[in-house]
There are 2 protein chains.
Amino acid sequence: MEEKKSRVLILGAGRSSAHLIQYLLNHATELGIHLRVGDADVKMAEEKVGASTDASVFECDAENENLLESEMAHAEIVVSMLPAFMHPKIAKLCLKLHKHLITPSYLSSEMMSMDQEARAKNLIFLNEMGVDPGIDHMSAMKIIHALKQKGADIHAFYSLTGGLIAPESDNNPWNYKITWNPRNVVLAGAGGTAHYRENGKDKLIPYQRLFERTMSVEIPNYGEFEGYANRDSMAYEELYDLPGIPTLYRGTLRKKGFSQAWNVLVQWGLTDDTRVMNWDQMSMQAFTQTFLPDDSLAYIKREVSNEVLYKLQWLGLWDVVPVPIKRGTAAQVIQALIEERWSLAPLDRDMLVMCHLFDYALDGKHFRMQSSMVLEGENNRYTAMSATVGLPMAIAVKHILNDSWKQRGVILPIHQEIYEPILEELIKFNIQFTEQIKEC
Amino acid sequence: MEEKKSRVLILGAGRSSAHLIQYLLNHATELGIHLRVGDADVKMAEEKVGASTDASVFECDAENENLLESEMAHAEIVVSMLPAFMHPKIAKLCLKLHKHLITPSYLSSEMMSMDQEARAKNLIFLNEMGVDPGIDHMSAMKIIHALKQKGADIHAFYSLTGGLIAPESDNNPWNYKITWNPRNVVLAGAGGTAHYRENGKDKLIPYQRLFERTMSVEIPNYGEFEGYANRDSMAYEELYDLPGIPTLYRGTLRKKGFSQAWNVLVQWGLTDDTRVMNWDQMSMQAFTQTFLPDDSLAYIKREVSNEVLYKLQWLGLWDVVPVPIKRGTAAQVIQALIEERWSLAPLDRDMLVMCHLFDYALDGKHFRMQSSMVLEGENNRYTAMSATVGLPMAIAVKHILNDSWKQRGVILPIHQEIYEPILEELIKFNIQFTEQIKEC
């Protein structure tokens, strides 16, 4: 007689699910699980599952609540890689059916409102369990807890993450390729003014200054990077239990030089997503000229350095070829351009870089600690992005199935019982932080 | 026995209604009308109506459809000065009750959808009947029709309007005071990228460049002004029947120098309306420093000229006084500042400036025509803004009551039968255009 297996339900088998599924398949026997993988595109699910007998796939129409409910009814735990806006619906079904839930998405207030009921039902709804948010929380909390334990007074915390490209695959002048949602790459920062704190003072950076006011970071063996501020760093004051910390900054990492060139697109209006235009019959050159008061090379050279001009030209802004979409916003045109120019080739290896800087006082001395992690991907399928998003979630599945955590309700991985075993296991996958401490 | 009077219903007795009501009271006997004036603040209505026996007032709760309906039932014509978003609701009641309607607001698609029914019921729904939109349409169409009649080929049309301050009341370094909605003054241009056409090419200007890429205009006897582009000039290609015109630009006028200084607020992020902050316990100086990476005078002087710095200081950006609101966006803080600093004093006279430029070819020669109008207000109640918004509407009331127009349905004042008598009568109120034609 066959042993009863626990079902793990994975909703969404896209780019980010590769390592998640692979880890769970590799541990299927040990965990006694059967993996059930659904995607709107069932071929994606089949591709990820391969010939494994520990898994089955289904076509997942996320609008079909009956289907979701019947799939979830058989599962012990649900891992949702669906778009973030769908998570509250999934979570409600999890409450109804008494299932644990893991997502890599930012905790929404709608999700938070389910905390009490989830606790009452002894369920774990673990959110922000990917890389950023996810590994950032875990690695930061580990250091914060350790420093506090030692009695250190933390007066500055900078945390920066970037989905980038490994040096050997880095063959374009922007030193960048797309490893996540390209629309979000184009609209980065456009959603609103960034907010952080520096030396006890609140600071606001509007979109039109965001890519000018970058900070510089040196990553051992990987050279110089730059960070631009994320939307609201101050939300982390409470989350990380750092009340009144004088400096708190979260940012996005790019290779040095990226932001100066991207800023030109922002300044010229090429990332505008408000005005839909007809670009039919128009060349990329004419598209670009639409944003310039004077399209002479002399004018442009007054505006930008040769180095930046080279990046812009490489992107195709002056090509005498048709605009890649017939109608849409400038942001949509730029998205179409970068989806082509910044795409990962099959053998390209991406690179995830995360870096925390802590300034603290301990025993009357002042220190700066830099804790950084660099993971290079294997290829354009087993990416560093997919590994850093999927592995923490997969390991969390194991711990929840083993009932090794006390936390219940709607939670984030900021608790020691959660981050400690996960960070430890991630080391086996080369997801490892290196610390440097300097007295200053 | 008393002669039966036609009722004219005015909804809204705010700033812009002063001349509208005054004109109709002055012509009440001649037109045989009784004026019914409603406002949420009934005192405003009483103040505007004064001791006249040709008018009565009521407290107008625009949410109370029963009240609106019973007031409208007695009227022959409705003039709505309510916020633009309320006009479709008013228009629907006008359809139901068979009443004509006049508004100063931009024609919405919802309003436009009532065209057929209004025509079928022999009603006039006259929109954009103020100054901008309103007098701009009328004065432009008069010239366009005349030039076309002569066989001229119009290849450029620029149209600029500004609500400004008369020279004798112009006593601040910005050469500006507020004569309309202050929130709209702060957020001018922030709604999206501006679109116009120049020499046959579409041009887009994002918000972050809007106040840098101004055009210069000289108004006879009033000196140099500058214009920044309005949101979508290209909508006027069809409206003014100028298909394929190589240059089409609509803009907002300010006195020379305004835009350069305002641009600094935009660049620094002080007009941001996305992030709500606590400003409690903070000085204006600290508020301003929130937006600067470096608050040293040396830094600021690298960013701005002394002339601009003077304007910014005059606004109070470095004052060691509390931020005028405890909580809100930066745009709301700036609004509170300018509401105080740029307010019209009781005896201040505002000034409405409108300027059209036409480049055209006629009989093998090339010409530039400038047609401009300047109206100075009387005081802070009988403003030029109120005159130029209210008088066209008031005169339209007269013509509709006299049944002198053939047009029916949802219309704008772009038709000769409408603009001709109105422009002619406006001359009596010193609202008069002066033309200069130069061969070039």
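Me: How many salt bridges does the rule find across the interface of chain B and chain A?
Reply: The rule finds four across that interface. Bear in mind that this is a predicted model. One of the salt bridges joins the side chains of B:D232 and A:R275, at 3.5 Å from N to O. That pair counts because the cut-off is 4 Å.

Me: How many residue pairs are in polar contact there, and which parts of chain B touch chain A?
Reply: Between the two chains, 21 residue pairs are in polar contact. On chain B, at least two residues each come from β8 (194-198), β9 (201-205), α10 (207-210), α12 (258-268) and α14 (297-303). The largest share, four residues, belongs to β9(B). Sorted by class, this side of chain B holds eleven nonpolar, ten polar and eleven charged residues.

Me: What area is buried, and which three residues of chain B supply more of it than any other three?
Reply: About 2,700 Å² is buried between chain B and chain A, with 45% given by carbon and sulfur atoms. On the chain B side, B:L204, B:R209 and B:R275 supply 24% of what that chain buries. The contact involves 32 residues from chain B and 32 residues from chain A.

Me: How are the two copies related?
Reply: In general, a rotation about an axis and a shift along it relate two copies of a chain. Here the rotation is 180 degrees and the shift 0.1 Å, which superposes chain B on chain A with an RMSD of 0.1 Å. The copies are therefore related as by a two-fold rotation axis. Within chain B, B:Q208 has the C-alpha nearest the axis, at 3.2 Å.

Technical notes:
Residues are numbered from 1 along each chain as its sequence is written. Chains are lettered from A and ligands numbered from 1 in the order in which they are written. This is a predicted model: local features need pLDDT of at least 70, side-chain atom pairs count only at pLDDT 80 or more; totals for chains, interfaces and linings use all residues. Side-chain values use heavy atoms; hydrogens and water are left out. Contact means heavy atoms within 4.5 Å. Buried area is the accessible area (1.4 Å probe) that two parts lose on being put together, summed over both. A polar contact is a pair of N or O atoms within 3.5 Å; within protein, one must be able to donate a hydrogen and the other to accept it, and residues adjacent in sequence count only if both atoms are side-chain atoms. Ala, Val, Leu, Ile, Met, Phe, Trp, Tyr, Cys and Pro count as nonpolar, Asp, Glu, Lys and Arg as charged, and the others, Gly among them, as polar. Copies are superposed by least squares on the C-alpha atoms of residues with pLDDT of at least 70 in both.
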